[in-house]
Amino acid sequence: MSMELMVKAMKTKVGNPLRKLVLLKLADNANDQGECWPSYNYIAEQCEMSRRSVMDHVKNLNCRVFTS
């Protein structure tokens, strides 16, 4: 877990509370270089949402250049 990324995620406006939850879960899984490789299924299970919703939120975050 990268505490620095968790703090940045908390301060970031993403326009949707579920998208924020996905961003926080990604930050929770990231190393200090910002790399993380959790599956959509894992994020969906942890965030209690559908895999499709997770995919949509990650796509939106990619468009906003929060992830690469």
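Start by selecting Glu 48: it is exposed, with a relative accessible area of 74%. On this tour, exposed means over 50% relative accessible area, buried means under 20%, and partly exposed is in between, using a 1.4 Å probe and protein chains only. Before going further, keep in mind that this is a predicted model, where local features need pLDDT of at least 70, side-chain atom pairs count only at pLDDT 80 or more, and totals for chains, interfaces and linings use all residues. Residues are numbered from 1 along each chain as its sequence is written, and side-chain values use heavy atoms, with hydrogens and water left out.

Stay on Glu 48 and look at its backbone. Its phi is near 55 degrees, a positive value in a residue other than glycine. Where does Glu 48 sit? It is in the loop between H3 and H4. Those labels come from DSSP runs numbered from the N terminus: helices are H or I runs of at least four residues, and strands are E runs of at least two.

**Next stop: H2 against H3**

Show H2 (residues 17-29) together with H3 (residues 40-47). Their axes come within 10 Å and cross at roughly 115 degrees. The axes are lines fitted to C-alpha atoms, for helices over the stretch in contact, and the angles run from 0 to 180 degrees between N-to-C directions. Which hand does the crossing have? H2 passes H3 in a right-handed crossing; the rule is that the near helix is turned from the far one by less than a right angle, clockwise for right-handed and anticlockwise for left-handed.

Now turn on side chains. From H2, pick Leu 21, Val 22, Lys 25, Leu 26 and Asn 29; they meet Tyr 42, Ile 43, Gln 46 and Cys 47 in H3. Contact here means heavy atoms within 4.5 Å. By class, the contact of H2 with H3 has six nonpolar, two polar and one charged residues. For that tally, Ala, Val, Leu, Ile, Met, Phe, Trp, Tyr, Cys and Pro count as nonpolar, Asp, Glu, Lys and Arg as charged, and the others, Gly among them, as polar.

**Salt bridges**

The cut-off is a side-chain nitrogen of Lys or Arg within 4 Å of a carboxyl oxygen of Asp or Glu. The two residues are separated by about one helical turn because they are three residues apart in H2. Buried or exposed: what is Lys 25? Lys 25 is buried at 13% relative accessible area, while Asp 28 is partly exposed at 24%.

How many salt bridges does the structure hold? There are three. For another, go to H1 (residues 3-11), where Lys 8 and Glu 4 lie four residues apart, about one turn of the helix. The side chains of Lys 8 and Glu 4 meet at 3.4 Å, N to O. Lys 8 is partly exposed at 46%, and Glu 4 is exposed at 52%.

Then jump to H4 (residues 51-63) for Arg 52 and Asp 56, also four residues apart, about one turn of the helix. Their closest N and O atoms are 2.8 Å apart. Arg 52 is partly exposed at 48%, and so is Asp 56, at 40%.

**Two leucines**

Select Leu 18, back in H2. Leu 18 is partly exposed, with a relative accessible area of 45%. Leaving aside neighbours within four places in sequence, Leu 18 is in contact with Met 49 and His 57.

Leu 61 is buried, at 0% relative accessible area.

Select Cys 36: the nearest cysteine sulfur, that of Cys 47, is 12 Å away. Cys 36 is partly exposed at 21% relative accessibility, whereas Cys 47 is buried at 8%.

Definitions and conventions. Disulfide = S-S within 2.5 Å.
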